[in-house]
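Please read the points below with the coordinates open beside them. They are set out as a colleague's note.

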Amino acid sequence: MFLGGWLLGISTFDYAISSPQTRSYSKIKLYGGSTDFDRLHIYNTVKVASFISAIDPNISQAWTPDTILLAEFNHSLDGGNVINLPAALTGFQIYRKEAGSSTSTLLTTVPNGTLQYVDYTTQAYKTYSYEIVPITDTEIGSPLIPDTIYTDYFGWYLMDYDTPSTVYKFDLNIKSGTISNETDVTTYQNYTQKPSVAQGERNYIKGEISFMAGEISAVDGTLQQTSDYLTDLRTFINNQKPKLFKSRKGDVWKILTYGLNVSYTDEIEQQPAMVSFTFCEII
Amino acid sequence: MTPNGNAVDFASATTFSSQVNGSLITHYRDYIYRIDTGATLYDSTKLAVSPNLYDKDTLTKTISGGTITYTGSVKWTRTLWNGIAFATSKEVQFYSASTPTASLTVSSPITSKSNLFTTVYTQAESVAVESYQYFLYDSSSVLIDQSDVIYSQKLTYTFTGFLDASTYYVRCVITNIYGQIVDTGLIIFTVDYVQPNVYFTPEIGLNQDTSGVTLDLANIVQITGTSSGTILYIDPYLIANNAGLNIADGSSYVEFVVDIPSTFTQTVIFNPVGFMSGVIISYDDGIFDVGYDGARFYFSYYVAATQQFVYGIPLALNSTPYIIGVENDRVIICQNNIVLDTVLAF
């Protein structure tokens with residue numbers, strides 16, 4: 001009807017036609033009448049007829065990036081990818097497991113509606129798997145399992161321990177120096193053949209790291225070292241808040257930082273600066 | 001001198017020991033009495049030490065189980081003779097209390113990633129719990145997790161992160177206010193929980209600039225349908241370990257509230273098990289329907305408040321599963337990987 005009018009260049013109707021393809025919908029119903037259903041799958045893309053005809057009714061289908069509903073009627077009317085939860089979803093527990101470990105560790109619980117979670121506490125050069133477990137007020141659902149990930153990042157990273165919104169990465173001209181292991185050992189000279197030695201519980205690391213700090217330009221990949229950057233870094237280093245510090249070797253420490261020292265290279269026009277700060281491991 | 005400050009259970013044989021300082025010891029006397037009344041509980045009387053003891057030796061004497069039945073705070077003294085003179089020790093306080101017991105029962109298999117463990121503590125004189133600590137071991141009895149020392153009488157702790165199809169051991173060690181320690185020993189349990197049959201893989205990524213591992217939670221959705229009328233689950237159905245849904249009559253339905261965009265594809269697998277006629281799929285309560293009128297599949301929609309029908313070719317239904325694919329402007333009916341009909345809206 002409409003196609004004929006279009007081919008003629010004029011519409012055969014004197015009113016606007018709202019056709020099905022221009023409309024969105026908010027609900028879908030399956031009706032019965034001596035009918036068995038095995039699956040309902042809705043995609044937010046248009047497939048071709050060959051895609052539909054190739055579907056094997058005997059094989060379970062997977063949730064794909066363009067899926068917006070997949071109901072398999074497996075003793076429930078679940079149509080999302082959170083299943084086995086009869087009550088309303090309230091949030092997610094996020095677990096992490098290191099390859100070879102016997103248990104996973106609960107990292108956090110985030111409320112429903114959280115779009116993204118970032119785990120900053122990984123060690124470098126480890127393989128981790130995660131589980132995202134949907135929860136209600138009283139129940140735990142089946143876990144959603146992303147692919148495993150290998151943390152092959154390179155550099156030293158410094159961030160706020162509690163809310164790591166800003167992360168400083170240091171990987172140029174790094175000099176980590178000696179990281180000392182501070183312990184509490186007292187030797188008593190008793191006028192005996194060998195002294196008495198007492199060791200306390202103290203055991204932490206302390207050190208200083210120097211590097212060429214700056215931000216890598218997203219435009220040309222060059223190092224940008226503005227005075228604002230150094231000012232922000234000095235404020236961050238001396239803000240007296242606990243920080244997470246990750247070494248290139250894969251260590252992860254909770255530390256306090258202080259004393260940002262800056263040494264400019266005056267022979268070069270841009271005066272690139274080497275900076276250093278002291279850090280001390282804390283509880 | 002021991003015991004000293006801790007608790008002993010006189011129901012069992014109890015050893016009293018002290019180090020000898022000074023000269024030769026020939027005799028001793030142990031004397032135990034109640035603190036509250038001063039009443040004597042035990043008096044060994046002056047007995048010979050044989051062989052005699054000397055400086056830095058330890059004098060150890062045992063009181064048979066059941067000799068003292070009193071429970072409560074007591075004191076003891078030890079008097080030593082060297083053949084010429086005697087000396088009596090300072091009074092040493094300790095507690096007479098029955099040995100406590102602890103029972104940790106785990107309902108195995110645990111069907112979750114986490115479990116609240118509870119230990120039942122029993123002590124005849126109701127000596128209160130001071131603290132406890134839980135330990136978790138893997139199947140090889142290697143310690144893999146433990147609680148802090150918890151100063152409470154709750155005796156509960158939750159371990160999380162169990163792996164499916166795994167074996168663990170749990171153990172609780174309790175200390176009461178008299179210093180008595182009771183250990184449940186290793187209690188075995190297995191873990192077996194349901195794995196999802198609809199797999200959705202959330203996106204994961206590593207940010208080299210921050211070292212953060214990013215988990216994308218945006219596409220995780222919970223959609224739960226509702227039913228009206230009579231529905232039944234058929235198990236097994238087409239897919240092994242995956243039930244099907246029977247909607248018994250034409251007035252019953254299952255509804256999903258979900259935002260379907262203007263460009264979409266929907267597939268439904270169904271199987272007629274009797275005479276079928278009427279709407280099969282309805283979008284927004286009849287704004288757009290797909291049905292079978294007893295002979296043909298049709299497509300109905302509203303244009304300017306008028307319901308329009310477009311019919312396909314006559315198809316006699318059989319019991320082999322059909323797939324109805326619905327796209328924006330067409331309905332595609334398939335069976336055995338063959339397109340039987342395509343119904344176009346225009």
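The note goes from conventions to chains, the contact between them, the cores and some local backbone features.

1. Conventions. This is a predicted model, in which local features need pLDDT of at least 70 and side-chain atom pairs count only at pLDDT 80 or more, while totals for chains, interfaces and linings use all residues. Residues are numbered from 1 along each chain as its sequence is written, and chains are lettered from A and ligands numbered from 1 in the order in which they are written.

2. Make-up of the chains. Chain A holds three helices and 17 strands, whereas chain B has zero helices and 31 strands; helices (H or I, at least four residues) and strands (E, at least two) are DSSP runs, numbered from the N terminus. Of the 283 residues of chain A, 27% count as buried, and of the 346 residues of chain B the figure is 30%. A residue is buried if 20 or more other C-beta atoms lie within 10 Å of its own, exposed if 12 or fewer, and partly exposed in between, with C-beta atoms placed from the backbone.

3. Contact range. Two residues are in contact if their C-beta atoms, placed from the backbone, lie within 7 Å. Among contacts with a separation of 6 or more, residues 24 or more positions apart account for 52% in chain A and for 57% in chain B.

4. The open sheet of chain A. Seven strands of chain A form an open sheet in the order S10-S9-S15-S16-S17-S12-S11, with antiparallel pairing; two strands pair if DSSP finds at least two bridges between them. Strand S10 (167–170) and strand S11 (180–188) of chain A each have a single partner strand, so one side of each is left without a neighbour in the sheet. The twist averages 30 degrees from one strand to the next, where axes are lines fitted to C-alpha atoms, for helices over the stretch in contact, and angles run from 0 to 180 degrees between N-to-C directions.

5. Inside that sheet. Strand S16 (residues 252–264) and strand S17 (residues 273–281) of chain A are paired antiparallel over eight bridges, and A:Leu256 stands opposite A:Cys280 in S17(A). Helix H3 (residues 227–237) of chain A packs on the sheet and touches S10, S16 and S17 of chain A, its direction making about 140 degrees with that of S16(A).

6. The contact between chains. In total, 106 residues of chain B are in contact with 96 residues of chain A. The side of chain B that touches chain A comprises 58 nonpolar, 35 polar and 13 charged residues; here Ala, Val, Leu, Ile, Met, Phe, Trp, Tyr, Cys and Pro count as nonpolar, Asp, Glu, Lys and Arg as charged, and the others, Gly among them, as polar. Strand S2 (residues 35–43) of chain A runs antiparallel to strand S24 (residues 265–272) of chain B, joined by eight bridges, and A:Tyr43 stands opposite B:Thr265 in S24(B).

7. Cores. A nonpolar core is a set of buried Ala, Val, Leu, Ile, Met, Phe, Trp, Tyr and Cys residues joined through C-beta atoms within 7 Å. In the largest nonpolar core, of 62 residues, A:Leu30, A:Phe37, A:Ile132, B:Ile324 and B:Val331 touch the most other members. Leaving aside neighbours within four places in sequence, the contacts of A:Phe37 include A:Leu30, A:Phe73, B:Leu245, B:Ile247 and B:Phe270. Another core, of 19 residues, lies apart from it and has B:Ala102, B:Tyr168, B:Tyr169 and B:Val182 among its members.

8. Strand S9 of chain B. Strand S1 (residues 7–8) of chain B pairs in the parallel sense with strand S9 (residues 92–96) of chain B over two bridges, whereas strand S7 (residues 72–81) of chain B runs antiparallel to S9(B), with five bridges. In S9(B), B:Tyr95 stands opposite B:Ala7, and B:Val92 is the bridge partner of B:Trp76.

9. Backbone points to inspect. The peptide bond from B:Thr2 to B:Pro3 is cis, with omega near 5 degrees, and a cis peptide bond also joins B:Ser108 and B:Pro109, with omega about 5 degrees. A:Tyr125, which is not glycine, has a positive phi near 60 degrees, and B:Asp285 has a positive phi of about 55 degrees although it is not a glycine. B:Asp285 counts as partly exposed because 13 other C-beta atoms lie within 10 Å.
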